[in-house]
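Hi,

Here is the structure I said I would pass on. Have a look at it first, and then read on for what turned up.

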Amino acid sequence: MRRISVKEKALKRGVRRTSGTFPPDYGTYRFTRAQLILHILAYLALDALFSLLFYRSILAFVIFLPGVWLFLKSRREDLNRQRKRQILSEFTTGMQMVNASLQAGYAMENAFREATAELRKIYPENSFIMTEFRYILSQLGLNVPVESLLTDLGRRTDIEDIINLAEVFRTAKRTGGDMIGIIRGAVTSIQAKAQTREEIETNLSGKASEQKIMSAAPLAIIAYTSLTSPGFLDACYHNTLGILIMTAALAVYAAAYLWGKKIMQIEV
């Protein structure tokens, strides 16, 4: 089956090409070449560390090499989650400025133009919000409805708050609702959720540090014992029973780490 490109998806949604390329799809995080190399090197270092501490075997290092794909997938999800937080923060700021311009009496297109001018004082030209607001302005100039543009943005970012705002905007436009009041209420709601999320993250920051320390503790204990008492752990290496015990210990350690990470994780 042929893969549908971002351009084709946008055309199906009624979004038109103006110049250059369509805005990116933020649903999937893509590493830069430098990031990819650094993450692969980081995994190799971790692979060597765990192979040394739990097996003292080069064969274990080789066996664990395919795990780099899971490591990259996990890091991609973490970075995508961080990017979504930044996107939502910038989007909220942008819509606040749009709302202020609408309250000042500007029409929708001019409100986005004024907001873009104000955002330029805060964010660089290559930031998410500047890229998207310039794109929205170009599409509004072609008479593309703003609700379609917000719906398209929600689909490309895969952020629930933006998707909900677009749906409320579309419904209000169809029923003739108070646009200014709707945008103000939606932005207020997004702000409230963001503040709640920040409070939770602040409360969990200490626990997150503790979780990292506890995750490093077992490795530190094994390394310390191996260095200070050579031969004490020899019974755990290079024999069937020892390998089984260390594999079970590694499995429990991995499960505890992933469980703790999941508990500390806050979705956007």
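In helix 6, the buried residues are Phe-128, Ile-129, Met-130, Glu-132, Phe-133, Tyr-135, Ile-136, Leu-137, Gln-139 and Leu-140. That is 10 of the helix's 13 residues, so helix 6 counts as mostly covered under a cut-off where buried means under 20% relative accessible area. Please keep in mind that this is a predicted model.

What do those buried residues of helix 6 pack against? Their partners are helix 4 (68-103), helix 5 (108-119) and helix 7 (146-157). The length of helix 6 (residues 128-140) checks out too: at 1.5 Å a residue it should span 18 Å, and its end C-alpha atoms are 18 Å apart, which agrees.

Now for the nonpolar core. The largest one has 37 residues, and Phe-91, Met-95, Val-98, Phe-112 and Phe-133 are the members that touch the most others. Helix 4, helix 5, helix 6, helix 7, helix 8 (160-175) and helix 9 each put in at least two residues. Leaving aside neighbours within four places in sequence, Phe-91 is in contact with Phe-128, Ile-129, Leu-150, Leu-153, Ile-162, Leu-165 and Ile-190. There is also another core, apart from that one, with 13 residues, including Phe-50, Phe-54, Leu-219 and Leu-233.

You will find Val-98 in helix 4, and it counts as buried because its relative accessible area is 0%. With neighbours within four places again set aside, Val-98 is in contact with Ala-111, Phe-112, Ala-115 and Phe-133. Val-98 and Phe-112 sit 14 residues apart in sequence, and their C-alpha atoms are 5.6 Å apart in space.

Asn-99 is in helix 4 too. Is Asn-99 buried or exposed? Its relative accessibility is 9%, so Asn-99 counts as buried. Beyond its neighbours within four places in sequence, Asn-99 is in contact with Ile-180, Ile-183 and Arg-184.

Last, a helix pair. The axes of helix 9 (residues 179-228) and helix 10 (residues 240-264) come within 10 Å and cross at roughly 170°, which means helix 9 is roughly antiparallel to helix 10. On the helix 9 side, the contact is made by Leu-204, Lys-207, Ala-208, Gln-211, Ser-215, Ala-216, Pro-218 and Leu-219, and on the helix 10 side by Tyr-253, Tyr-257, Gly-260, Lys-261 and Met-264. By class, this contact has eight nonpolar, three polar and two charged residues.

Cheers

Methods
Residues are numbered from 1 along each chain as its sequence is written. This is a predicted model: local features need pLDDT of at least 70, side-chain atom pairs count only at pLDDT 80 or more; totals for chains, interfaces and linings use all residues. Side-chain values use heavy atoms; hydrogens and water are left out. Axes are lines fitted to C-alpha atoms, for helices over the stretch in contact, and angles run from 0 to 180 degrees between N-to-C directions. Helices (H or I, at least four residues) and strands (E, at least two) are DSSP runs, numbered from the N terminus. Angles under 35 degrees count as roughly parallel, over 145 as roughly antiparallel, 65 to 115 as roughly perpendicular and the rest as oblique. Contact means heavy atoms within 4.5 Å. Ala, Val, Leu, Ile, Met, Phe, Trp, Tyr, Cys and Pro count as nonpolar, Asp, Glu, Lys and Arg as charged, and the others, Gly among them, as polar. The expected span of a helix is 1.5 Å times one less than its number of residues. Buried means under 20% relative accessible area, exposed over 50%, partly exposed in between (1.4 Å probe, protein chains only). A nonpolar core is a set of buried Ala, Val, Leu, Ile, Met, Phe, Trp, Tyr and Cys residues joined through side-chain atoms within 4.5 Å.
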